[in-house]
Amino acid sequence: MDEVIQVTQWLSSITPRKKAKLFFFITHADAPTPTVGSNDVDTHEETQSPLATTVALHNFKNIDEFLKKRVNTFSCYNVIENEITKTDYEYLRFYSARKYLDVVPPSLDLEKISAIQNKFEMTDEERDYRLLLDSADLVLEKVCDSLKPAGVPQMWTALRKDRNLIRGVKTIEIIGFFVDPNPTGIKECLFFFIVRHLQMIKKISRVNTNRLERLIAQCDESSACEEGRTIDFIIDSLRCYPTELYPFGSCLILCVFEDRDGAMQEIEKTMEISRHLGMITHTEKNPTKETIELVKKELMKPKYQFYSSFTCWFMSHGDSNSTLLADGETMEREWFLTSFPDISTFQLKPNVFFMVSCLGANKFRLEGAKFKCQSATCDYYDIGSALIRNRMLDITDGVRDISYVQPMMDTLVAYSTIPDHLSGRANTHGSIYVDRACVLMSENISRGRSLTEILEHLSQDLHEILQETMDEDRIVYKQACHYDSFFRKTLKLPYTRHPKEDVHSAPQ
């Protein structure tokens with residue numbers, strides 16, 4: 001059968017909703033990101049044009065043509081050894097999207113897919129198509145699915161009213177002001193247009209989604225949300241790091257064995273929990289400074305752009321400032337923790353470090369005879385049940401105590417800035433940090449938010465604000481806040497907004 005006819009038949013077998021999603025997923029590389037992007041607005045508008053015309057004309061002709069061109073490009077593509085090209089990324093995105101959506105195109109050569117994966121030096125575990133899907137796009141797809149056809153035009157109306165969001169963008173006018181979302185697939189096209197548009201003008205990223213959240217918040221819940229969904233539910237889904245599907249992320253396990261009984265057990269436990277969490281894991285026993293540098297070089301490889309998160313377990317001896325390596329050399333902990341986030345493949349993704357070592361020699365000593373010979377570090381306890389617990393200590397009631405508490409337990413220390421940096425103030429409103437914290441807390445009363453959730457949102461919100469010093473230099477800068485938590489439970493804001501107390505009334 002003629003290839004053109006095959007492609008036409010393939011497109012006719014795909015529902016409009018899946019066409020919109022397929023277009024969205026495979027144009028991921030065309031959306032600007034902090035590591036790969038372009039300032040050429042015309043290029044992005046060209047990509048947006050098929051979505052805009054589909055919404056305006058209520059037909060998928062231009063999206064069909066776009067998908068046909070992609071299939072033809074991939075059909076004629078010759079994989080070049082060693083050099084990784086933009087087409088390699090696009091081919092892998094197309095392959096993963098069609099697998100995810102269960103739409104099998106003609107002329108998709110699996111040998112080419114394998115050859116491209118070879119160029120990325122992917123292991124057998126990494127050849128799972130789910131690794132190639134962008135987790136942030138999957139979250140946005142679920143947000144779209146949670147909205148009724150009437151909901152997305154409400155977002156569109158709110159966007160059109162903000163001149164800062166539409167100034168100088170030609171494709172905005174193709175759609176017009178009013179949109180009929182009822183034909184199947186039009187809702188998806190309009191939503192994906194809004195998302196890519198906000199990315200194009202650098203108003204949202206995979207971490208910074210405030211602007212999209214504000215558009216959704218302006219929708220009428222009764223007419224905008226699908227059954228079982230609420231505005232709060234949808235916004236909550238955007239306030240989590242996108243780590244959809246498998247794998248959850250890349251996990252690095254570093255373990256020094258010298259004078260550390262049970263080191264092998266540590267590796268086995270961390271490997272097992274990492275696998276249960278759906279991570280692809282790499283282990284280095286007895287790491288040296290050279291090992292650390294080699295690992296960092298490995299994590300800079302292009303294939304790690306497909307991962308959603310990075311986790312590191314570092315188990316060794318240490319003191320207040322440094323960690324001991326296998327060759328006896330010490331490594332500054334701060335250097336280690338600050339060097340990994342600089343790796344571009346994991347920027348704007350959660351990076352979690354478990355630093356398992358002493359930070360000093362002091363002990364919180366418990367006095368009294370009843371505590372002697374009672375310790376969870378002894379090896380006389382029975383081994384627990386199946387799966388992960390079969391190598392975990394069975395902590396009995398005899399070694400548990402609630403009467404003696406470390407002074408810092410149940411404390412959360414929130415800082416308006418980070419070490420060695422200033423904290424900004426407004427001329428008339430005082431601390432910007434205090435202002436934004438109070439606003440966010442006020443907005444979230446009765447929504448069931450925890451304090452740490454609000455502080456995380458505050459961190460995003462504060463770091464988006466450009467500030468200026470009040471001295472003669474008038475330096476423009478950004479402020480970042482942070483917190484140290486020793487909580488043992490979650491602290492949620494009250495569900496009831498209490499009225500302001502009348503200071504003139506006498507107590508009853």
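**View 1. Confidence across the whole chain.** Mean pLDDT for the protein is 82, with 85% of its residues at 70 or more; pLDDT is the predictor's confidence in each residue, from 0 to 100. This is a predicted model, so local features need pLDDT of at least 70 and side-chain atom pairs count only at pLDDT 80 or more, while totals for chains, interfaces and linings use all residues. Residues are numbered from 1 along each chain as its sequence is written, and side-chain values use heavy atoms, with hydrogens and water left out.

**View 2. An open sheet of 4 strands.** The order is S2-S1-S3-S6, and the pairing is parallel. S2 (279-285) and S6 (351-356) sit at the edges with a single partner strand each, so one side of each has no neighbour in the sheet. On average, neighbouring strands are turned by 10 degrees against each other, direction ignored. Helices (H or I, at least four residues) and strands (E, at least two) are DSSP runs, numbered from the N terminus; two strands pair if DSSP finds at least two bridges between them.

**View 3. S1 beside S2, and the link between them.** These two pair in the parallel sense over 7 bridges, and Ser250 stands opposite Ile280 in S2. From S1 the chain goes through H15 to S2, a right-handed β-α-β crossover (with the strands pointing away from the viewer, the path from the first strand over the helix to the second runs clockwise).

View 4. S3 (residues 310-315) pairs with S6 in the parallel sense over 6 bridges; Thr311 has Val352 of S6 as its bridge partner. H15 (residues 263-276) lies across S1 (249-255), S2 and S3, at about 165 degrees to S2. H16 (residues 289-299) packs on the sheet too, touching S1, S2 and S3, and its direction makes about 175 degrees with that of S1. Axes are lines fitted to C-alpha atoms, for helices over the stretch in contact, and angles run from 0 to 180 degrees between N-to-C directions.

Definitions and conventions
Contact = heavy atoms within 4.5 Å.
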